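Subject: The model we talked about, and what is in it

Hi,

Here is the structure I promised to pass on. Have a look at it first, and then read my notes below with it open.

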Amino acid sequence: MNIPEEKVLEQVNQFRDMWSLKEEPIQDIFLEAVNRNFIVIEFPSNFQISGFFVEKKDRDKMFNCIYINSLEPVGRKNFSLAHELYHCYFYKSNDTICGSKNRKDPIEKAAELFASNLLIPRKHLYSLLKKNSIKNTMQVNTKFIFALQKIYKVSFQAVLYTLKQMKDNPDYEDAIPSNINSAIFTKYYNHKYFEELTSLTLSDDKLNNLNSVIPRFKLPDRYKDILVQNYNGNKISNDELKEIFDFFEESI
Ligand SMILES: [Zn+2]
């Protein structure tokens, strides 16, 4: 099954309607998902997994659960979450897990395209570049890409892919800097250079962690709230609460 790009773009619009999102950058997609009762779990995994989505039945209730691999950079994790949301609302994955090994599957490709257009609304980026007359004034260097990453909260590679895609699109190409030479950046698609990119990013802005890996164990917020409620109701002891939070390296 091939899913045409126009269809995916339509699905992005449908999704924005469902979640009442504007065609703008999403500040914290994890928070948006948690606010809509998604159970999001994160922990590090070495098995080329980006994430997966499952519907879990608990008595008569259904829960949407998303796992995200925290061994991937922060910007990529936002993308993985958007990708898994596609599986939740549109087409389920043919595989149990989503990762680099099944990127050629048409549903996986559609989920990637969905994530890209959801997180980087093309019209928004187009007007931003136009407004600042970026085309003729801006040298496309790492600093420029970092700046766009910070606006859209995505990975370096996601920005690069988008700029290249827009350059080939007659609707947008007049805003894309002509001097873009993406070849010089392609090495950053390779895991071998991830650390180099991380330090380059942090030396540009020490608060920009989008290219950093933070291999955390993240307890779903819903469980955290239930634990604290139980503690406040004297159902579990201080030590028990502390033990669970310590395991997830979270502060109470
Ligand atoms: Zn997938």
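In what order do the 4 strands of the open sheet come? They run β1-β3-β2-β4, with mixed pairing.

Before the rest, two notes on reading all this. Residues are numbered from 1 along each chain as its sequence is written. The model is a predicted one, so local features need pLDDT of at least 70 and side-chain atom pairs count only at pLDDT 80 or more, while totals for chains, interfaces and linings use all residues.

**The sheet**

Some terms to begin with: helices (H or I, at least four residues) and strands (E, at least two) are DSSP runs, numbered from the N terminus. Two strands pair if DSSP finds at least two bridges between them.

β1 (39–43) and β4 (98–99) are the edge strands; each has a single partner strand, so one side of each has no neighbour in the sheet. Further in, β2 (residues 49–58) and β3 (residues 61–69) run antiparallel and are joined by 8 bridges. One of the pairs is F52 with Y67 in β3. Helix α3 (residues 74–89) packs on this sheet and touches β2, β3 and β4, with its direction at about 45° to that of β2. For that angle, axes are lines fitted to C-alpha atoms, for helices over the stretch in contact, and angles run from 0 to 180 degrees between N-to-C directions. Contact here means that the C-beta atoms of two residues, placed from the backbone, lie within 7 Å.

β2 also pairs with β4, in the antiparallel sense over 2 bridges.

I49 is partly exposed, because it has 19 other C-beta atoms within 10 Å; the cut-offs are 20 or more for buried, 12 or fewer for exposed, and partly exposed in between, with C-beta atoms placed from the backbone. Leaving aside neighbours within four places in sequence, I49 is in contact with N69, I97 and G99. I49 and N102 are 53 residues apart in sequence, yet 9.9 Å apart in space, C-alpha to C-alpha.

**The core**

Which residues have the most contacts inside the largest nonpolar core? They are I66, A82, F114, A115, L119 and V159, in a core of 44 residues. Helix α4 (residues 106–119) gives the most to this core, with 7 residues. A nonpolar core is a set of buried Ala, Val, Leu, Ile, Met, Phe, Trp, Tyr and Cys residues joined through C-beta atoms within 7 Å. Beyond its neighbours within four places in sequence, V159 is in contact with I145, L148, Q149 and V154.

**The two domains**

The domain assignment of the chain gives domain 1 (5–218) and domain 2 (220–252); such bounds come from an automatic or database domain assignment. Their centres, taken over C-alpha atoms, are 32 Å apart. The contact takes 7 residues from domain 1 and 5 residues from domain 2. On the domain 1 side, β1 gives the largest share, 3 residues. By class, that side has 5 nonpolar, no polar and 2 charged residues. Ala, Val, Leu, Ile, Met, Phe, Trp, Tyr, Cys and Pro count as nonpolar, Asp, Glu, Lys and Arg as charged, and the others, Gly among them, as polar.

**Loops and a helix residue**

N37 has a positive phi of about 65° although it is not a glycine. N37 is in the loop between α2 (29–35) and β1, and counts as exposed because it has 9 C-beta neighbours inside 10 Å. N234, also not a glycine, has a positive phi of about 60°. N234 sits in the loop between α10 (221–232) and α11 (238–247), and with 7 C-beta neighbours inside 10 Å it counts as exposed.

D105 lies in the loop between β4 and α4. With 15 C-beta neighbours inside 10 Å, D105 counts as partly exposed. D105 and N2 are 103 residues apart along the chain, and their C-alpha atoms are separated by 9.2 Å.

Lastly, E6 is found in helix α1 (residues 5–18), and is exposed, with 8 C-beta neighbours inside 10 Å.

Cheers
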